[in-house]
Amino acid sequence: MQALNFPKFSFRFKSNENKVSIFDEIRKKFIILQPEEWVRQHCIHYLIQEKKYPKSLINVEKELKVNNLNKRYDIVVYNPDGTIHLIVECKSYNVTIDQSTFDQIARYNMTLNASYLMVTNGINHYYCVMDFKNQGYNFLKELPAHK
């Protein structure tokens, strides 16, 4: 797999029928290793190990309804009160992040109302804080650590 722009993390792998799987600490199961999953797992480890978000506040790949359409978010980090602190949209390392990626996460956030957004393809990371008053978001240099 492609080297990513994240710190080095240790992962658990297994191989079955010529398919490699990676262990997801949040879902507590092995997931077939695809390029987007490689980015997602790095991001999960980044949130836990670098930004100190508790595993108990992280949710991965759940369905949500956006304009009556079923969609799936990649990663959500909750606040202790159950509100959503952060949404992360992960793309494969060979996908260029463009305006459509930000439009996608903004649509999700119309339903989820997260305070922060992160978009990553493993190479480039973008962090935003929501400005609900002006219905927009402002870019940040980095994601705030868990308090």
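**Sheet, helices and salt bridges**

Reader: What makes strand 2 and strand 3 a pair?

Author: Strand 2 (residues 19-24) and strand 3 are joined in the antiparallel sense over 4 bridges. In strand 3, F30 is the bridge partner of F23. The model is predicted, with local features needing pLDDT of at least 70 and side-chain atom pairs pLDDT 80 or more, while totals for chains, interfaces and linings use all residues. Numbering starts from 1 along each chain as its sequence is written, and side-chain values use heavy atoms, without hydrogens and water.

Reader: Why do strand 1 and strand 3 stand at the edges?

Author: The open sheet has 3 strands in the order 1-2-3, paired antiparallel. Strand 1 (13-16) and strand 3 (29-32) each have a single partner strand, so one side of each lacks a neighbour in the sheet.

Reader: Where do the buried residues of helix 2 lie around the axis?

Author: T101, F102, Q104, I105, Y108, N109 and L112 are the buried residues of helix 2. They cover an arc of only 155 degrees around the axis, which puts them on the same side of helix 2.

Reader: Now the charges. Why is the contact between R27 and D24 called a salt bridge?

Author: The closest N and O atoms of R27 and D24 are 2.7 Å apart. A salt bridge needs a side-chain nitrogen of Lys or Arg within 4 Å of a carboxyl oxygen of Asp or Glu, so this pair qualifies.

Reader: Which of the two is buried, and which partly exposed?

Author: Buried means under 20% relative accessible area, exposed over 50%, and partly exposed in between (1.4 Å probe, protein chains only). D24, at 0%, is therefore buried, and R27, at 22%, is partly exposed.

Reader: What are the salt-bridge partners of R40?

Author: R40 meets E36 at 2.7 Å, N to O. R40 and E36 are 4 residues apart in helix 1, about one helical turn. R40 also forms a salt bridge with D74, again with closest N and O atoms 2.7 Å apart. That pair links distant parts of the chain, R40 in helix 1 and D74 in strand 5 (residues 69-78), 34 residues apart. R40, at 3% relative accessibility, counts as buried, as does D74 at 3%.

Terms used: Two strands pair if DSSP finds at least two bridges between them. Helices (H or I, at least four residues) and strands (E, at least two) are DSSP runs, numbered from the N terminus. The arc is that of the directions from the helix axis to the C-beta atoms.
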